[in-house]
Structure formats: structure tokens, C-alpha cells
There are 2 protein chains.
Amino acid sequence: MPQLRKDPVVGRWVIIAKTRARRPGNFVDRNDHEHEEVHRECPFCNVQQEGGDSVLSSGDVHIVSSEVYGSKQRKGLHRTKRGLYDVINGLGAHEIVIETSEHLTNMADLNVDQIQLVFEAYSARMQELEKNAQFRYVLAYKNYGPTAGGRKSAHTCSHIVATPVRPLRVKEKLIGAKNYFDINNRCVYCDIVAQELQSRERIIYETEHFLAVTPFAARLLFETWILPKVHHCDFPKGIVGKEGDLAVMMKILLKKLQVGLDDPAYNFVVQTAPFARGSLGERKWESIEKDYHWHIELMPRLTRVAGFEKGTGFYICAIPPENMAQYLREVETG
Amino acid sequence: MPQLRKDPVVGRWVIIAKTRARRPGNFVDRNDHEHEEVHRECPFCNVQQEGGDSVLSSGDVHIVSSEVYGSKQRKGLHRTKRGLYDVINGLGAHEIVIETSEHLTNMADLNVDQIQLVFEAYSARMQELEKNAQFRYVLAYKNYGPTAGGRKSAHTCSHIVATPVRPLRVKEKLIGAKNYFDINNRCVYCDIVAQELQSRERIIYETEHFLAVTPFAARLLFETWILPKVHHCDFPKGIVGKEGDLAVMMKILLKKLQVGLDDPAYNFVVQTAPFARGSLGERKWESIEKDYHWHIELMPRLTRVAGFEKGTGFYICAIPPENMAQYLREVETG
């Protein structure tokens, strides 16, 4: 059974995926999946015929439970202490969103309607998972391409993970947004949207409801934030009526990456407010509806993160964000 | 001139390395330096003959100032505000530690005496840089191998960077250690050392003054912490008289990686207490001598960090730390 272990200094939870012994040699494949055979017996191509395992099917989008981390929903989590270390046995839920039955590899090649179905599927599953009181957070994310943790030529899919703890980077954002609100009585993301709309120098693309910008303090080359123009802390509720508009935005951004940056690997993560906001933890969550603002981080993987960044959280970005935005703005997606 | 920019939500400082416009296409070399020609005109092989630029020479170790980030020490830093964004023009110091005049690529192949000289050089420069009142933090780190941000077949070197801000990951540790101390009246790292010495299941190697362990909540495969057994917050002061012992530890660990994991890329970062501890910032630093404990993080780069980890700080580790430690313990280094 998988285990969650907490770093006793910074409070970071780590998933220890396998508890059975395994020869370390098995993991030392530095080229990962790069040399893998292309498209042999893709298990996702026929998922709709197999049926039974789907937790959701909507048009040509199918969501299945994954066993990779032994992560079918379990009843009850077992929290223990080993000396100064905290452990939770069991993980939560891990679901795979098979974005189409066609063997496409990049979400950029799905049509807008299909991308909309994918976002609607995220929303439906997030709302369902929130009903389980043991979960504190839900993530929807995508890994495309080997350097982003995906497999080469893999069937386009994304992931939904529900966890009994709030991840460290998420907490950091929640706390930062709360601190800003406490001082300014305004949402920091709303202020970012206003300033970016005024200066326009970091805008990549704009739709009716969304703004795509390179962040002022970008960590990665061509890092992109998709910000809803209207405030809402929560993805499933904030997205209502805007699913199609978000699909247009995502399609255009992914096409710009594919065309302008030679089909790079990328990740995206939907950043939504945590569950169980009534419960008090390290901070009070009652103001979260006002101070947090859901958004999507889209991260092309063009350069590797070095030791300096890893050990310090202090990133070096080799191109000014204004130049990155200008470059992507000008990429024609046909 | 380079710029430091602050993320307005989480407070992370990012170095924007170049302010002149540069075609993004120039940066889209996903294979980085992997296909680079081996050893053409290495600039570090003859550094001791050129002399003039060295800021320190000790035996066969030479430290030179780098211009990569326009980062010769400047007088005065210019802090400005652009709407809600904070900016510092200028960076601090960036120095390159050329670890030997011989064209070796991996520190694992230096002899112990030479590694000792490298650690002594870190210490000397850290103490010198601390005298500059504009610096708040100093980092010593190494990138070995292309996937760790180093160049293939590059002359073995490490880096010293002094910054006018405290990096986010460092702050996180300082705050975590302080919170633990406030509750327990003990240093969290001292408690880790005690528990690891008792259980021994995560110890990779032990010397008179140091313990090398895989952390209980390891983020990365074969992540290793080198912990001083005796408490000290500060690398330059804590290391006095133990430089040779640390060199033995580092030599053995790097050899274990080289032999046992097929010469992987790796990074290490020396984590020491910040400068200017009298000044009050986001927290009070007066207790830092008691609550912080310097150490080294050594991170082999066997797997890529995917979007899930990137967006959430929630890592997945595929082998239990106890198995990793056992594997490295058993690797013979000859």
C-alpha cells in the first residue's frame, strides 16, 4: 500500500509509491521512455468498449480509476507517528482522464468541443470527490512528452488526484493570497489581472472570460498563467458557463507552443481552492472565497531545472517575460 | 543588467538573467548540451596561468568571478515597485569554483585532499561575501551532468552565489526549523540525527562528524542529506576542523553514485543560515543559532520532475527510502 510521509522540517508530503522492495537498478533509466516503441497496444484506444471501469463517460471522454499508486478510494486513512515522522497509509484517489478514443498524443490536436468535454469532466469528478470527507485537496493536471513526465506517443490523457493533505505549493499560494488580502482587502490575482490588462506587455492571448499571461516573475521559459477575469476561488463553480471559452483559450495556447516552440513537452495544473474549508488547520480558511482565485499554470519544459533552483526555489529565467509573451502573441496557429 | 523579480503571491524571487531581447528560438534546444563536442578549448584548464581574475587561489583550487548574470559585485542595489510587483536591479555575486586544474569532469574523481580544499574555499568566500552588507544569503552548489544543469564533459566546478534576498526554499526551512524549536525547544535536525542513528535504516554512510541519510520523506530517487552530528547553524563556522572528514564523506557518496547508479547527473547545495541575522524581516532571526542546523542536500537526477510535483510540491518517490539507503550502503567504492 502506498504511504504519505511528511518532511518534518518544511511539512512537505511525499507519496512513497511502492512499499515492496524493488531493485534500484530498475529505476535507473535516465532516458525514461524516450526510446520506447511507439504505440504498441494502447490500452486507452478501446476503453469505451471495455466499459466497466469507467467512473465517468461523457461523449468521447472517459475517466477510469488508476491502480498505479494502489490508489482506489479506500475507506479510512491510517495516520501514524514514527518518532518525529508523520505517516498516512493510503493515498486517496487517482483517476485517468482519457481525453478521446482516437490515438492522438497532444491535447493541442483535439478540437475545441472535445477540450471543453475534458474540462467539464474535471469539474464533475472534482465535485464528486469533494463529497468524500477524507479528501482535503483535488488536483487535475497533465504531463505531455517525456521531459514532462509523460510517455512518448502516449494517448492524450490527464490526471485527477484527490489527497487527504494539502500540498505544500498550494498552501504557499493560499497563504500568500490571504496575506495580500489581509493587507489590501483585495484579491492579489484580481490585482494581477487588472495590472496586466492595463500594461498588456505580458498578455499572450485574451478571451471573453480569461487572460493568458507570462507571469512577471516567471520561473520557466514560456511559463503561462491562465487567469479567469472574474473572481472565484473554485474551479468547478467558477467555470460554469465558461467551459467553452476556456477550451478555446487552451486550444490556442497549446497550438502556439506546438507551432512556435517545436512541439515541446509541457505540464498544466488546475489550481483550485481546497476542500473541507470549514475545518481549521494551519490557517483559517473562512476568507478563502474572497482571497483565493482559481487559475491554471501551463509550463512548457524547455530547460532543465538545475541544483540551484532545486535547493533554493530561486529560479533563473533567461528571457524577460515581456519578450516571451511577445513571441507567443505573434505565433500564428492557423 | 540582470533583475530580481518577486512573485506577488508566494514571494519567490526569480533572476531574470538578460534584459536585452533575444530570439526565443535560441533557447529551444531541448537536448541542451548533450550533443556538444567534448572538451574543446576548456577555459578552466589554464586558469592558474591567467591569474588576474581569481578572487581566491588555494593550492590547485581557483575561484573566479562570473559575468554570466552580469553579476560582478555592484555597489548598491536599486529596489523599485512596478504596480504590485517588486523589482531589484542587480543581483549580487556569482563566482565559479574551479576545483582542479586537471580536466576531470566529476568531483567523485578528485582525491580527498582536493575535495577538502574545495570546501575550505567555499568557507573562505562565504565569510568574505558576508562582509558585504547588501547580501542576505550565500549559496554554494554544484551541477554535474546535463540533466542537472551542467555541461557534458565540463571541467569540474561549483558555484557560489550571494543574493540580496533570502530564497523561498531556504525561508521555508528556516521557518519550519523555528516552528519546531518553538514547540519542542530542540533543533529538528538534531532530532533527525538522533532518530536516524537509533534506527539506522536510512543511513548510507557515517563518519566521525557526519551522517549521510536518505530523508524519511525523500522527494527524489536516492536523495541524500549530509547532516553534521554536532549542531551549528552556519557552514563556515560549523565546518572548522571537520573539513577533511566532510571531504571523505563527499568522496565516498559521489563514488557510490558513480559506481552504483551508472554515473548519474547530480546536484548538491550547501544549506547554511542567512546573513544579516540582526535585521528583522518576515520573522525574527535571533534564535537561528539554536533552531537552524547547516547541512548539504545531494540530489542525483535519475527521474524527471513532472507537472504534478511542479505545480503542487507533492512528490512521488518510487522506492522506499529504506531500500535506497540499503542499496547505496552496499555499493563498494573500491
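The tour starts with chain A as a whole, then moves through strands and helices in both chains.

**Before you start**

This is a predicted model: local features need pLDDT of at least 70, side-chain atom pairs count only at pLDDT 80 or more, and totals for chains, interfaces and linings use all residues. Residues are numbered from 1 along each chain as its sequence is written, while chains are lettered from A and ligands numbered from 1 in the order in which they are written.

**Stop 1: all of chain A**

Select chain A. It has nine helices and 15 strands. Helices (H or I, at least four residues) and strands (E, at least two) are DSSP runs, numbered from the N terminus. Of the 334 residues in chain A, 51% are buried. Buried means that 20 or more other C-beta atoms lie within 10 Å of the residue's own; 12 or fewer means exposed, and in between is partly exposed, with C-beta atoms placed from the backbone.

Now think about contacts: two residues touch in this sense if their C-beta atoms, placed from the backbone, lie within 7 Å. Among the contacts in chain A with a separation of 6 or more, 73% are between residues 24 or more positions apart.

**Stop 2: strand β1 of chain A**

Select residues 3-6 of chain A, which form β1(A). Look at the side chains. Q3(A) and R5(A) point one way. L4(A) and K6(A) point the other way. All are buried.

Strands of a sheet pair through backbone hydrogen bonds, either parallel or antiparallel. Here, two strands pair if DSSP finds at least two bridges between them. Which residue of β6(A) is the bridge partner of Q3(A)? The partner is N89(A).

The hairpin of β1(A) and β2(A) has six residues between the strands. Click on G11(A) in that hairpin: G11(A) takes a positive phi near 80 degrees.

**Stop 3: a sheet with strands from both chains**

Zoom in on β1(B), residues 3-6, and β2(B), residues 13-16. They run antiparallel, joined by four bridges. Q3(B) stands opposite I16(B).

**Stop 4: two crossing helices in chain A**

Select α2(A), residues 112-130, and α6(A), residues 243-260. Two packed helices are described by the angle between their axes and the distance between the axes. Here the angle is about 120 degrees and the axes are 8 Å apart. Axes are lines fitted to C-alpha atoms, for helices over the stretch in contact, and angles run from 0 to 180 degrees between N-to-C directions. That makes α2(A) oblique to α6(A). (Under 35 degrees counts as roughly parallel, over 145 as roughly antiparallel, 65 to 115 as roughly perpendicular and the rest as oblique.)

Colour the contact. On α2(A), pick V112(A), I115(A), Q116(A), F119(A) and E120(A). On α6(A), pick E243(A), G244(A), L246(A), A247(A), V248(A), M250(A) and K251(A).

**Stop 5: helix α9 of chain A**

Select residues 321-330 of chain A, helix α9(A). Its buried residues are P321(A), N323(A), M324(A), A325(A), Y327(A) and L328(A). They pack against β10 (203-206), β11 (210-213) and α6 (243-260) of chain A.

**Stop 6: strand β11 of chain B**

Select residues 210-213 of chain B, strand β11(B). F210(B) and A212(B) point one way, L211(B) and V213(B) the other, and all are buried. I203(B) is partnered with V213(B). Three residues lie between β10(B) and β11(B) in their hairpin.

**Last stop: M299(B)**

Click on M299(B) in strand β14(B), residues 295-300. Is M299(B) buried or exposed? M299(B) is buried, because 23 other C-beta atoms lie within 10 Å.
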